[in-house]
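Here is a short briefing on one protein model and its ligand. Look at the structure first, then read the points below.

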Amino acid sequence: MVYQNVNDRTAKLINSLRHKEKIRVLFVCLGNICRSPAAEEVMRQTVAEGGEADRWVLDSAGTGGWHVGDLPDRRMRVHALRRGYDLTHICRQVRRADFDDFDMIIGMDAANISDLKSLAPTVEAADKIVSMGEFIDPGMGFDHIPDPYYEGAEGFERVLDLLANATHRLFSAVSR
Ligand code: 4NP
């Protein structure tokens, strides 16, 4: 089930992580104020529920730098808090060292993936980049996490629905 949608490269990456003591994941979107800080916190709750809170090191960053130093977007915080996720991440931009510091760098959409690939310093670093869309149940009808920034409430709710699904599938792929 878990491998249903992921490509061969991602399956290989997942296999290499399964026996690791620590798993370090960086979630990346454009602004680092909506999707990726939400992904980080939803994943934190997912791994805690699965009894692996100490095993996972989670962070998020943006490919763009417009909001560096800010808390997540107020709309994202309000929608997330209604589901019990308190978003306190402080926005930061992706940096070169992230490709050393993390095992998996997960982009929310195709533009994030493309931007990350051009930032990756080596081929090995580029192999750490995967799309969150690979973990979404195909039945949900999305192959990426759509940018909610110019959307209404439903855009933010959809992000949280998709992230809840994708984080559970990512967790079950890598958990002990
Ligand atoms: P995010 O959403 O990538 O999910 O954080 C956005 C936040 C800010 C902007 C675009 C998308 N912006 O253009 O400032």
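An oxygen atom of the ligand sits 3.4 Å from an N or O atom in the side chain of aspartate 147. The protein covers 91% of the 360 Å² of accessible area that the ligand has on its own. Keep in mind that this is a predicted model.

**Around the ligand**

- Cys29, Leu30, Gly31, Asn32, Ile33, Cys34 and Arg35 are among the residues that surround the ligand.
- His67, Asp147 and Tyr149 also belong to these surroundings.
- Glycine 31 uses its backbone: a polar atom there is 2.8 Å from a ligand oxygen.
- Histidine 67 uses its side chain: a polar atom there is 2.8 Å from an oxygen of the ligand.

**The largest nonpolar core**

- This core has 41 residues.
- Which members touch the most other members? They are Phe27 and Met104.
- Helices H1 (8–17), H2 (35–49), H3 (74–82) and H7 (153–174) each supply at least two residues.
- Strands S1 (23–29), S2 (56–62) and S3 (104–107) each supply at least two residues as well.
- H7 gives the most, with ten residues.

**Another core**

**A closer look at phenylalanine 27**

- Leave aside its neighbours within four places in sequence; its contacts then include Ser36, Ala39, Glu40 and Met43.
- Leu58, Asp59, Ser60 and Ala61 are also among the contacts of phenylalanine 27.
- Ile106, Met108, Met132 and Leu170 are in contact with phenylalanine 27 too.

Technical notes:
Residues numbered from 1 in each chain as written. Predicted model: local features only at pLDDT ≥ 70, side-chain atom pairs only at ≥ 80, totals over all residues. Heavy atoms only, no water. Core = buried A, V, L, I, M, F, W, Y, C linked by side-chain atoms within 4.5 Å. Buried < 20%, exposed > 50% of the residue type's maximum accessible area, 1.4 Å probe, protein only. Helix = DSSP H or I, 4+ residues; strand = E, 2+ residues; numbered from the N terminus. Contact = heavy atoms within 4.5 Å. Near = heavy atom within 4 Å. Polar contact = N/O pair within 3.5 Å; in protein donor to acceptor, adjacent residues only side chain to side chain. Areas by Shrake-Rupley, 256 points an atom, 1.4 Å probe, with all protein chains shown as cover.
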